[in-house]
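Notebook open, structure loaded. I'll jot down what I look up as I go.

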Amino acid sequence: MTSMKKHVLSVFILLACVAGFTLSASAEDKLKVGFVYISPVGDAGWTYQHDLGRLELEKNLGDKIVTKYIESVPEGPEAERVIRDLAKSGHDLIFTTSFGYMNPTLKVAKMFPKKYFEHSTGYKTTKNVGTYMCRFYEGRYLTGIVAGKMTKSNTLGYVAAFPIPEVIRGINAFTLGAKSVNPDIQVKVIWVNSWFDPGKEREASEALITQGADVITHHTDSTAPTLTAEEKGVYSIAYHSDMSKYGPKAHLTAATHVYGDFYTKTTQAVLDNTWKSDAVWSGIKEGSIELAPMNPVVPADVVALVEKTTKAIADGSFHPFQGPVKDQSGKVVVEAGKSLTDKDLLGMSYYVEGVLGKIPK
Amino acid sequence: MDFDIFIHILIAAIAAGTPFVYAALGELITEKSGVLNLGVEGMMLVGAISGFIAMAKTGSILVAVLCGMTAGALMAGIFAVLTLTLMANQVASGLALTIFGVGMSAFLGLKYTSIALPGVPEIHIPILSNIPVVGQLFFSHDMLIYCSGALFVAISWFLYKSKSGLILRGIGEAPKSAHALGYNVIKIRYMAVLFGGAMAGLGGTYLSIAYTPMWVEGMVAGRGWVSLALVVFATWRPARVMLGAYLFGAITIAQFHIQGFGIDIPAQLLSMLPYVATIVVLVFISRDQNTIRLNSPASLGITYHPNVQ
Amino acid sequence: MLLKIEPRSEPSKTMKYMSPLIAAILMLISGLIIFTLLGKNPVEAFHAFFIEPVNDLYGIGELFIKASPLMLIGTGLAIGFRASIWNIGAEGQLAVGALFGGYIAIIFNDSNSFFILPLMILAGAAGGIVWASIPAFLKTVFNANEILVSLMLNYVAILLLALLVHGPLRDPDGYGFPQSVLFADSAILPILIEGTRFHAGVLVACAGVVIGWIFLLKSFTGFQIQVAGLAQKAASYAGFQYKKLIWIGLLSGGVTAGIAGVLEIAGPIGQLLPSVSPGYGYAAIIVAFVGRLHPGGIFLSSLLMALLYLGGESGQMNLDLPAAVTGIFQGLLLFYLLAADFLINYRIRITTPQQEAI
């Protein structure tokens, strides 16, 4: 009896070992991919778009990889610890998705030269740190066309977070897009000094609407501008994500950024051992920038114009910052026949003609 | 700036000020009883998500409001047990309550970030709302804004015209004497703290179902702290709480309008304005020792228990 | 049956040590419930929360760099709190300290003098003092409530830092992004343990705790503060200048917060950012109370608080626990600690109504 029991037990242990081994082996085989997010995933916004990309990556390569995300990681010392912990716990590829993670990412990458890091929206690359960013301005230009066509008051409202080049670029592209179809347009900008504060975003949107804006767009993270536009009976153009369910009547379209392809390609490159550090700046051509489905109120000719421009941007025959572009003082900043270089775009710190107000200094 | 925009700033200020009105009037009652609860931000957040969940589940504004108030009161209940029964320090307990509330609301709301609510309809009071300017300002709001007005009237009456209000103020002034006169200081303070929590919860609910009908983590965004400041700003008087709440709202809205007109002042400086204004007013009213002494509850923040001391 | 609260004739020594233990046990029980409800194995969860973050040298280093601003500010605040001066503005004083210290680092960016770091710390202390002296001045001259003034100044300070980092202090080669240049090595606190981020600033913070200890428990001013905290009237009879105590109470928090700000930017951050603190100024208030306003206790409670932060990250990483759980956990532990302290000064007696009648 006892020997029988022992026997059964040893078989069990053996089985458990085998099971354990195979389990751990399969987990070892899989590439671990880590993501660091600045905010909770939520239902719309910057982090949500990155998480959609992560989910698509899982869908595409799910049998070869596992992913893990850490949300609400503040920029600064916390970020460095989280990135390091991800690297230490066996994540070979780590995507850090906020500008403030730039230096922490670089520091950790130095400690783990065999691992790969991809930092979003930064400008420093090293041997094992690449950067990636979307040409958000391309989407902005297209939505500008829609706004320019749909406005009756010729006043557009822009709720903005912080005066950094990325945001200023968006404001300018939007304005140029709108002016391309409606030269009389003016764009009013309100800075709320927060990426995310629904109350303030609402208040700023309301102020813009009162001052005559009848199309509201935003470079902040919440759905409040769209909600406010719906409530006040004006149009809205969302950013980051399709927010149409928050404003079925108001929501004309949204300039969204899509990461599924990039995440899949980059991860595949790591799997194939072909990954190289690069500064990827991808746009419509690469499928990184998309517009959300148009509201039916947008007339067919406007939709056609947007589609035509989209194609032109994709095949390179048109650039949103194609000369002549004038700044606020009327000075030509981009001469006819030329368009801005990526370097100029990256450091953009002036408003184009048509934007009201001055950039906070 | 033309007249229409001026009126708009006032109307928007009333809506923007309403969460402050609720939370600050609630805190006013709490503080009048001699208890300082710094956990308003946490209570508002838990109130916001609870009201939001109730609204999403039932679609009833009334149920949402009740749930938000109950949740706020429950949060305040934790604070009351800590500070009134267990005599823990009020400042520390209030801050701990906020930390707890931030986490708790985020946790409760995990599944509710993707829901859009219809919002609370405006009710234009017949005839009155047709009066030019005044109608727009006072008779064309949603139900919760009218309720905040009613709350103000009720609290003013309670504090200065009712006997219970007198007792409450007495307890805030001199809990020992109130106890000697036979009043149950702890019980009354419990009620005041719970009321404060319920109102903070209601203020949060207003944000999540009416002002910006959605739920996102941390959406109260510091309004709880401002409400605390408003109580002092108002020298513990309900009418000045209302004035302060709307003034704060108006300054916030006005700075956005200033930007919209393209006036060249750094946005950060404009954002500082409401806080600096609060300090300036605080200094102005505190200068006269008597004003503060007449209005500030003498035992504010000091632990008291009848079985002790 | 009735529960009756009775004051102890003197604080219970046993309970002084037992109360944190009771809090820990209550915390374990609530943790058990929470994790079971979330469908996680509680043992694994506790391991992830409390062991995993500190199971190597790096983790212990992280614990100390997270705890050092908390212990330093906590000690400074405790001095004020003991005199019933409520400085809630450490978050803003930290930001201004970082601003002053960071300014030194930026203007001397191409110097490798040994004196840069001490100068930064002095500047940070000055920044904290400047910011804390506003509520002190307004309180002593205009009688303005220091809780509110210091609280409002937090917002102003954070916006001021943001304004300057978005503008004049921005890295000119940084494509307009709001951050300063990376500090030169001479402006970075040296790492003391290879392979970790344990930097010299941790020692500065610990030294601050010791100095606070000596000041509070051994100096005459420290004694005055204690007396004033217990009874303001008695203090004024004894001829203590209450105004002087207000200044000391607020500036002690300001100095420590300002220095903590410099330790952050010269330590793990290495540059000036629009936001330099994830709420250390507020957390330090709780640390001060959980440490019972005693520098020794504050040292321990800062480590506990730091562990809770690290545990939250580790819980996300290892168990997919939502980040929100950390806040709930922190809040609960603080509730228990605050509640359990009750047992030090009071006892609960169970009496029956009959006994009461006799």
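Helix 15 (residues 353-357) of chain C has the lowest mean pLDDT among the elements of that chain, 48, while helix 4 (residues 90-107) of chain C has the highest, 96. Helices here are DSSP runs of H or I with at least four residues, strands are runs of E with at least two, and both are numbered from the N terminus. Where pLDDT is low, the predicted coordinates should not be read in detail. Chain C as a whole averages 86, with 93% of the residues at 70 or above. The model scores ipTM 0.84 and pTM 0.85.

Residues are numbered from 1 along each chain as its sequence is written, and chains are lettered from A and ligands numbered from 1 in the order in which they are written.

Next I checked where chain C meets chain B. The contact (C-beta atoms, placed from the backbone, within 7 Å) takes 36 residues from chain C and 40 residues from chain B. Helix 13 of chain C gives the most to its side, with 12 residues. By class, that side of chain C has 29 nonpolar, 6 polar and 1 charged residues. Nonpolar means Ala, Val, Leu, Ile, Met, Phe, Trp, Tyr, Cys and Pro; charged means Asp, Glu, Lys and Arg; the others, Gly among them, are polar.

Then I looked at B:Leu230. Leaving aside neighbours within four places in sequence, B:Leu230 is in contact with B:Phe20, B:Ala24, B:Val241, B:Gly244, B:Ala245 and B:Phe248.

Last stop was strand 8 (residues 215-219) of chain A. Are its residues buried or exposed? I found that 5 of its 5 residues are buried, meaning 20 or more other C-beta atoms within 10 Å of a residue's own, C-beta atoms being placed from the backbone (exposed is 12 or fewer, partly exposed in between). A:Val215, A:Thr217 and A:His219 point one way, A:Ile216 and A:His218 the other. Which strands pair with strand 8 of chain A, with pairing needing at least two DSSP bridges? Strand 6 (residues 155-160) of chain A does, in the parallel sense over 5 bridges, and strand 9 (residues 235-240) of chain A runs parallel to strand 8 too, joined by 3 bridges. A:Thr217 stands opposite A:Tyr158 and also opposite A:Ile237 in strand 9 of chain A.

Conventions:
Predicted model: local features only at pLDDT ≥ 70, side-chain atom pairs only at ≥ 80, totals over all residues. Contact = placed C-beta atoms within 7 Å. pLDDT = per-residue confidence, 0-100. Pairing = 2+ DSSP bridges.
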